[in-house]
Amino acid sequence: ILNADFNQHGIYFYWDGAIDYINRSDYRAPTSNIFSINNHTDGIDIYVYPNVINSGYLIGGLANGFGQGTEILIAGTYTDVNGIQNHYAESHVISHEMGHVLNLYHTHHGTYDEGGGGTKELVDGSNSAISGDFVTDTPADPNIAQNINKTTCAWTKQGLLFDANNMAYNPNTHLIMSYTTPDCMEYFTPKQAERIKDAVDNFLVLQNAIIQNFLSIFGLAIPVKLSLKENRFRHT
C-alpha cells in the first residue's frame, strides 16, 4: 500500500523483513507510549495492533509528530462500503500516518482548529502557501470529518460551509491526508510530494532513515520493519 501510494512521486519503501512481536499487556492500549518500545533511529517503525481493540481505545492511526519522529501506529477496523470489516493497516490510513512522519499536515490543518497553530486557508487559494496545510495544490478543507457518501465519495456538507469571503468550500475527498473515509482515499498531490522531499533534505531524523546505497531511502520497522526509499531529485 505504501509503495502504491508513494511510488508515483519517486518515494519508495523497503521492508527489512523483521517482525518484532511485543507481548506486553501494559502496552495493549494503542497510545503514543508504544513509540518508545523497540524503536529504531535508522528506520520508520510501524506498530500494528490487532483487529479487535477494547472499546474506548484509539481506533485508526497515530504518528509521532510531523517530520520529528519516525514511528506510527495502526489499530482497529472500519466498515467499508460493502459492510465488510477491514483492518486500518490494510488501507490507505497507513499512508496517511506515514505522510505525517514525512511532514505532511491534514488538508484541513489551519482551516479547522485541530491545535498546532496555522491560519485559515481561503477557497480561492490566494493564501494557500502560508495557510492551511501549506500546500498550494490541496483545496481549502474545513474538515471533511468523514461526512462522506461511501458510494460516491461526495462530501455530504457540500454548499453548506463558507470561508471568510463567503465562498463555499469544495475539499478534495480523495486526498489521503484528508479526513475522508479509507475507501475514498486515493492519492497525494505533486506539491505534497515536494514538501516531503524538502523535509527529507532538511530533517536529520528522516535522513537517518534513508538507505544510502539505493537512490536514497527511509527505513521502517516494528512490528513491521520497513525502509522507505526516495528517488531524490528536485523538480524545477
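Is the link of Cys-153 and Cys-184 left-handed or right-handed about the S-S bond? In this predicted model, the link is left-handed, with -90° about that bond. The two sulfur atoms of Cys-153 and Cys-184 lie 2.1 Å apart. The count of disulfides comes to one. Cys-153 sits in the loop between α2 and α3, and Cys-184 also lies in the loop between α2 and α3, so the pair ties together parts that are 31 residues apart in sequence. Both cysteines, Cys-153 and Cys-184, are buried.

The nonpolar interior was examined next. In soluble globular proteins, nonpolar side chains tend to be buried together. The largest nonpolar core here holds 28 residues. Those touching the most other members are Leu-2, Phe-6, Ile-72, Met-98, Val-101, Leu-102 and Ile-196. The largest share comes from α2, which supplies four residues. A second, separate core has eight residues. Among them are Ile-34, Phe-35, Ile-37 and Leu-73.

Val-101 illustrates the contacts made in this region. Neighbours within four places in sequence are left aside here.

Strand β4 was considered in turn. This strand is mostly covered, with five of its five residues buried. Glu-71, Leu-73 and Ala-75 point one way from β4. Ile-72 and Ile-74 point the other way. Residues on both sides are buried. Two of these residues return from the cores. Ile-72 is one of the residues that touch the most other members of the largest core, whereas Leu-73 belongs to the second, separate core.

β4 pairs with two strands described here. With β2, the pairing is parallel and runs over four bridges. In this pairing, Asp-45 stands opposite Glu-71 of β4. With β3 (residues 60-63), the pairing is antiparallel, and four bridges join the strands. There, Gly-60 stands opposite Ala-75 of β4. Glu-71 and Ala-75, the β4 residues named in these pairings, point the same way from the strand.

Conventions. Residues numbered from 1 in each chain as written. Predicted model: local features only at pLDDT ≥ 70, side-chain atom pairs only at ≥ 80, totals over all residues. Heavy atoms only, no water. Core = buried A, V, L, I, M, F, W, Y, C linked by side-chain atoms within 4.5 Å. Buried < 20%, exposed > 50% of the residue type's maximum accessible area, 1.4 Å probe, protein only. Contact = heavy atoms within 4.5 Å. Disulfide = S-S within 2.5 Å. Pairing = 2+ DSSP bridges.
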